[in-house]
Amino acid sequence: MRTEITTEAQLRDLLGHPMQRAIDKERQRLAPEHRDWLAASPFCLVATSDAHGRLDVSPKGDPAGFALALDDTTIAIPERPGNRRADGFVNVLQNPHVGLLFLVPGRGDTLRINGRATLLADAPYADRMEVKGHRPGVILEVAVEQVFFHCAKAFLRSDLWQPETWRPDAVMSRAQIAKNLERPDESLEQIEAYYGQQYAQNLY
C-alpha cells in the first residue's frame, strides 16, 4: 500500500517532535567551534533552488580551510574550473537561498549552514583563496542565517568512513560511464586518458 503524507501533523505522528536541545543548538552567528570546523574542512555540498523550486546540489572541494569565515555572519567559497554548467550559480541568481554541508574526512558529524548567497567576480579577500597560483573566477559569498552541527547517525549507518566496506569497483569506471552515456564516438582509451593524468593537471 502506498500512503502519502500530506500534512506536518501526519509527519509528526510518524516521526515525533524534535528534542528541545536539537532546536536550541541552532545559531545565527558563527562560534569559534564553527570556524574551527570550516578551517579543517576540505569538502562542502552546496544546495540551491531556482525560482520554480527545482533543486541542485553541487560538491565543492579544495585544501582544508578553503571556505573562509570573513566574520561571524559571512563565509565565502571559491569556484574552480569545471564543466561550466554552473547550475547552482544560475539558481542563486534566481533564488539566493542556499544550504551548505561541510564535511571533515573521518568525522561523522557535519556542519550545516543555511543563508543567502551573492555571486562575486572579485573581492578584497580573493588573494586568500589562491591555490597553485590561481585565484577563483567566481566567489560564492554567503550571509549566515542558520548554523548548527548535525549528528553522525547517517555516517554510522552507512559505514561511510570504514575502508573495509568500500567497493569502488562495484560500478563501472567514470571513463566507461562517459563512453556509454556521454561520449560514444570517442575511444575508451581517449576517455581514460582524459580522466587520468590530464584531468588531474587541470584542477586549477
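Here are some notes on the domains, pockets and cores of this predicted model.

1. Ground rules. Residues are numbered from 1 along each chain as its sequence is written, and side-chain values use heavy atoms, with hydrogens and water left out. Since the model is predicted, local features need pLDDT of at least 70 and side-chain atom pairs count only at pLDDT 80 or more, while totals for chains, interfaces and linings use all residues.

2. Domains. The protein chain splits into domain 1 (8-158) and domain 2 (167-202), with bounds that come from an automatic or database domain assignment. Their C-alpha centres sit 29 Å apart.

3. The largest pocket. This one holds about 1200 Å³ of space. A pocket here is an open set of points on a 1 Å grid over the protein atoms alone, where a 1.4 Å probe fits, with protein on both sides within 12 Å along at least five of seven lines; lining residues have an atom within 4 Å of a point. Grid points are joined across faces, edges and corners, and the volume is the space filled by probe spheres set on the points.

4. Who lines it? There are 36 lining residues, and Glu79, Arg80, Pro81, Gly82 and Asn83 lie nearest the centre of the largest pocket. Each of domain 1 and domain 2 puts in at least three residues. By element, β1 (43-49), β2 (55-61), α4 (87-94) and α7 (188-201) each supply at least two, and β2 gives the most, with 6 residues. Helices (H or I, at least four residues) and strands (E, at least two) are DSSP runs numbered from the N terminus. The class tally for this lining is 17 nonpolar, 9 polar and 10 charged. For that tally, Ala, Val, Leu, Ile, Met, Phe, Trp, Tyr, Cys and Pro count as nonpolar, Asp, Glu, Lys and Arg as charged, and the others, Gly among them, as polar.

5. The second largest pocket. Its volume is about 240 Å³. Met19, Ala22, Lys25, Arg112, Phe148, His150 and Cys151 line it, which by class comes to 4 nonpolar, 1 polar and 2 charged residues.

6. The largest nonpolar core. A nonpolar core is a set of buried Ala, Val, Leu, Ile, Met, Phe, Trp, Tyr and Cys residues joined through side-chain atoms within 4.5 Å; buried means under 20% relative accessible area (1.4 Å probe, protein chains only). The largest core has 23 residues, and Leu38, Ile75, Ile77, Leu100, Phe102 and Ile113 touch the most other members. Elements giving two or more residues to this core include α3 (32-40), β4 (74-78), β5 (97-103) and β6 (110-120). The largest share, 4 residues, comes from β7. A second, separate core of 7 residues includes Leu68, Ala76, Tyr125 and Ala126.

7. Trp37, in helix α3, is buried at a relative accessible area of 8%; its contacts include Phe102, Thr110 and Phe149. Thr110, in strand β6, is buried with a relative accessible area of 2%, and among the residues it touches are Trp37, Phe102, Phe148 and Phe155. Phe102 in turn is in contact with Trp37 and Thr110, and its partners also include Phe43, Ala67 and Ile75.

8. Is helix α1 (residues 8-15) covered or hardly covered? Hardly covered: the count of buried residues among its 8 residues is 0. Just after α1, Gly16 takes a positive phi of about 85°.

Technical notes. Buried < 20%, exposed > 50% of the residue type's maximum accessible area, 1.4 Å probe, protein only. Contact = heavy atoms within 4.5 Å. Lists of a residue's contacts leave out its neighbours within four places in sequence.
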